Every structure is written in structure tokens, then in C-alpha cells.
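Subject: Structure handover and notes

Hello,

Please find the structure below, followed by notes on what was found in it. They are meant to be read with the model open.

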Amino acid sequence: MTTVADLLLARRGDNRVGLVFDDESWTYDEYVSESMRRAAYLATTLRSDHEPHVGVLLDNTPEFCFWLGGAALLGATVVGINPTRRGDDLARDIAHTECQLFVTESRHRELLDELGLGLPLFDVDADGDLPETSGDVESRDVSDETRYLLLFTSGTTAAPKAVICSQGRLARIADVIVDRFELTPDDVCYGVMPMFHGNALMTSWAPALAAGATLALRRKFSASGFLPDVRRFGATYFNYVGRPLAYILATPEQPDDADNPLRRAFGNEAGAVDVAAFEKRFDCVIQEGYGSSEGGAAINRTPETPPAALGPAPDGVVILSQDSGEECALALFDETGRLLNADDAVGEIVNITGAVGFEGYWRNPEAMQTRIQGTAYWTGDLGYRDTQGFIYFAGRADDWIRVDGENIAATPIEQILLRHPDVIGAVVYAVPDPRVGDLVMAAIELRDGTSFDAASFDKFLVEQPDLGTKMAPTFVRIVDAIPATATLKPVRRDLRREAWTCTDPVWWRPTRDDAYRLLTDDDVATIAMTFKDHRRERLLPE
């Protein structure tokens, strides 16, 4: 079986450009040499009586690549640390993953110093002395089963979990991406998603290494910098997760946007409207795929896949009721495409043979139990399947909104709101109804230079044929930016907690027959009194 170490060592003696950052470049042979130096450093630093875990707190820089390479050669495990985590949360991540050593840069060192953990630390800006090697660094029994990565999940609804990824699994994923997108040494992969996350490593860094393609890095994602970078680096492929397409599309359109070398892109969680607009504007092909760092289930689009669907259900992937464990009914739609039988059709996406593809969470048996039942892998995602066998995403398992006794999924509403020409971001979530069940609330981000017009927004909702009467938001919160993780996935937990008691403007309609109006302090007090009248004051937002 192939390992990541094998992929790297296969590039020794290769004098083509393997890595580009700003105005600097490294051949693959130089890339391997730098990785060997870091492997030699780790060999003399890591204790053999502890887990060989190396925390890496870096932006997307060449150093991240070199330490990934060094760990692969030595058989060590890289723990990518999210620089947006702080205080107790960051300390919890570090303690949980049992890191022996930290690699960081000056701009992030203060985050670690504040914790006072007393762990060895290598600052790539200040501690530049690394051993020279003869190129004969020995691996410590590296195999395809060697634990290589601990990848934290995004933690959009709960504390992040550390997903285990072996060298063999990452190498296999790299081969799949190379084949799917026909990557060759002539390609340039634009790496802008944060490298502490699985998306960047699985769909950009490792495939570039496997194909011998050039990896062009940018320290952090920039919507305005996207097209200039693509042209400067000659990027032919890029990966994304979350909302980058929407942010790029929000930049001013130019008549020559399609004049660029970009050929293909791969990602997930972009809306169908954004995908179509991006392909047209930048003259490239985007392939969306459903999957996760855990690796228990994957769904890929085909040419015949309906715009709103993830793709055809692969063998073994089904929709199961979270209550009974039985397969859900097939989805039925009206002539407008609105789902008619959500209560019966929406369930959890499950791969009944997927347990074998999931290598587990690091020291988290409770989380493991929620994912694995026998041979089945439960994704934690809601979906439904139509009569043609296509699967649709309906949100996370806790994204159900119970309105008037009917279960409503958040994601279809978000996709509808994104059709509005002024909306570049939308997150839909449940807030408590003062009487029973939930109300629908939406946080929306508007394009620069636009403002919320309640009358036109209400008219827009009425004109959407697939927006059911119970799906329209009762509350609409206008935000400067959708709260998101470092990988640009929306975070709902704070929005849910604050509900309508926030400093942002909130528009609401007391009943479905009312027009939207700006929520006032008197309205908030009236809502609170209604909760108390129905003895549900415990559900009021804090």
C-alpha cells in the first residue's frame, strides 16, 4: 500500500517547481530536502514514550508543507490547530490530542504563550536552526496504517472532534482526486483553504503531491485576491469548502473575468445558484461532492444530477429514520419542486457498510457511538431521496425546525433565500415559539451597497413557488457577516442562543399575514410576556 511518505520520496530528484508562495518557489527536490530536515529535528525531539503528536499552528505557508512532509517521513502525527480558537477552547484541543511539540510562527505564538502549557515550541520565524541531512532520514516503521493526521471537525454545532486519518487513507484519497480531475505535473493547484482542515489536505495538498503538480499557496483566503492569484500562479484547479464562491461572486464583475487559466474546481456546501454563476463568470467546471473528514460516506454529482441534489445514492447509502432506524419514504414534490412529505422522507444519511472507512475519533468513545452502529456509519446529516435515487442535503441532524407539528429542514430554505439578488449569505435556524415548537429565523448577509427592504423581501418570498407557508422566516436578522468557522462554514450555535435579542437589526412579522417590520424593545418585551403566559419562559434567549 502507498503511504504519504512514499508520495513524498517519489519526488526526490524532481527539479520541477513543486511549491509556490508569494514570490518564492521550491522545486520538488528542495521540498523533499526541507521535509527531511524537519524529520531529523523531530527524530531528536519527540519522546518515544509518548504519542508522536506534533501540533502545527501555522497559516498556509511553505513551512506547513515542510512539517507535513517531515512528520510523514518519520511516522509522526500532525495535529492541525485552528488559529481562530482561543483560551480554554484552544487549551482543550491541545490537551485532548496530547501534543508533545508545537510548531508555530510569530504571529500566532502569543496564543500559545498565553496558555502557559509548558510544552516545547518551535517558532519557524525565530528558531530557524534545523539539522542538515544527507537525505537518508530513516522512517520509523511507516506503513499505510500509520496514524498521520488528527483533523478537528469544524465544530459548527458542538465541540470539535479529532478525526484520525492514516497515511494510507490520505494517499488513497489523493489518488482518487488525481484521477477524477485528471491532474498532471502541468497543473497548478491553488491552495487557499486552511491547511489545518481536512478539505485542504485531502483535496489539494496531497493530490498535488501525488500528481507532481505545483501547489500555489496563499496565507489566507481573499475574495478580491482570488482572480489575480489565479492569473499570477497560472492556477488550473482549486478546492473550497463552505462559502468562498459566494464571496468571490460578490466582488465587482469585470468583462474579462473568464480570461483565466482555471479549468476545474472541487468543493462542497456551495449553493446551486452560486455554482452556476461561478462557472459562467469564470469559465470553469465546478464539481460538488458530499463527504467529510471522517470518510464514512461520500456522494458525488453526475451530469444528470438535479441542481439541488448532492448526487445519486452510492451503493449502501440510504436515508434512515432517526427514531425507528427504518428506511424513510421516498421524497415527493409538487410541480414547483417543494418537498411535500418532509416528516416521512427526511432522515439521516447513513452508509450501511461505511464503518470500515471510518478510522475513528481520537479518544472519544461517546462520539464514536453516535457514528457507528454495527457496520453502518451515521453521518449526522439530514437528507432525503427522490424516486430517481438522487439524494438531497437537508442540514445537520440538529437543524430540524418543528413548526406547527411539522418538521422543516433548514437547508432548502437557505437555498431559496440565496436566490434573492441582494443576499450573499443566509443561515436558517430554529428559535423557540412562545406557544409550542419552533419558529423559523434567518440571518442574512447583504451585498455591499444594498440595504434590507422589507416590502420587496416579502414580495420575493411570495414569488418563490417552492417556499411552503410554514417555511418563511418569522425573524430576519441582518448581519454584517455570517458567523463562520475558519473554513467558512456557517456557525449556528451563537445565532440560536441570541435569537432575536441581539444588537443587529431584526425584522419580524408577528403572524404570517403581517408585513415585516423592525423589531423594537417593546416587541421584545411583548414576546417575553407571551412566553411567560404559556409557561415557556425557560426557553427565552439569554
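Five strands form an open sheet in the order S23-S24-S25-S26-S27, and the pairing is mixed. Strands here are DSSP runs of E with at least two residues, helices are runs of H or I with at least four, and both are numbered from the N terminus. Two strands count as paired if DSSP finds at least two bridges between them. This is a predicted model, in which local features need pLDDT of at least 70 and side-chain atom pairs count only at pLDDT 80 or more, while totals for chains, interfaces and linings use all residues. Residues are numbered from 1 along each chain as its sequence is written, and side-chain values use heavy atoms, with hydrogens and water left out.

The edges of this sheet are strand S23 (423–432) and strand S27 (517–518), each of which pairs on one side only. Inside the sheet, strand S24 (residues 438–446) runs parallel to strand S25 (residues 475–479), with five bridges between them. Met441 stands opposite Phe475 of S25, and Glu445 stands opposite Val479 of S25. S25 also pairs with strand S26 (residues 506–508), this time in the antiparallel sense and over three bridges. There, the bridge partner of Phe475 is Trp508.

S24, helix H14 (residues 454–463) and S25 together make a right-handed β-α-β unit. Right-handed means that, with the strands pointing away from the viewer, the path from the first strand over the helix to the second runs clockwise. Helix H13 (residues 410–417) lies across S23 and S24, at about 145° to S23. Such angles run from 0 to 180 degrees between N-to-C directions, and the axes are lines fitted to C-alpha atoms, for helices over the stretch in contact.

How much of S25 is buried? Five of its five residues are, where buried means under 20% relative accessible area (1.4 Å probe, protein chains only). Phe475, Arg477 and Val479 are buried on one side of the strand, and Val476 and Ile478 on the other.

The other sheet to look at is open too, with eight strands in the order S2-S1-S10-S9-S11-S12-S13-S14 and mixed pairing. Strand S2 (24–27) and strand S14 (299–300) are at its edges with a single partner strand each, so one side of each has no neighbour in the sheet. Strand S9 (residues 188–191) and strand S11 (residues 237–241) pair in the parallel sense over two bridges, and Cys189 has Tyr237 of S11 as its bridge partner.

Helix H3 (residues 62–74) lies across strand S1 (17–21), S2 and strand S10 (214–217), and runs at about 140° to S1. Helix H6 (residues 167–181) packs on the sheet and touches S11, strand S12 (264–268), strand S13 (285–290) and S14, its direction making about 135° with that of S12. Contact means heavy atoms within 4.5 Å.

H6 also meets helix H7 (residues 198–211): their axes come within 8 Å and cross at roughly 80°. The two helices are therefore roughly perpendicular to each other, a label that covers angles of 65 to 115 degrees. Among the residues that make the contact are Leu170, Ile173 and Ile177 of H6 and Leu201, Met202 and Trp205 of H7.

Strand S8 (residues 162–166) has five of its five residues buried. Ala162, Ile164 and Ser166 are on one side, and Val163 and Cys165 on the other. S8 pairs with strand S7 (residues 147–152) in the antiparallel sense over five bridges, and Leu149 stands opposite Cys165.

Last, a pair of residues. Arg169 is found in helix H6 and is buried, with a relative accessible area of 6%. Arg169 touches Ser293, Glu294 and Glu359, among others. Ser293 lies in the loop between S13 and S14 and is also buried, at 10%. Besides Arg169, the residues that Ser293 touches include Leu151, Val163 and Met202.

Regards

Terms used:
Buried means under 20% relative accessible area, exposed over 50%, partly exposed in between (1.4 Å probe, protein chains only). Angles under 35 degrees count as roughly parallel, over 145 as roughly antiparallel, 65 to 115 as roughly perpendicular and the rest as oblique. Lists of a residue's contacts leave out its neighbours within four places in sequence.
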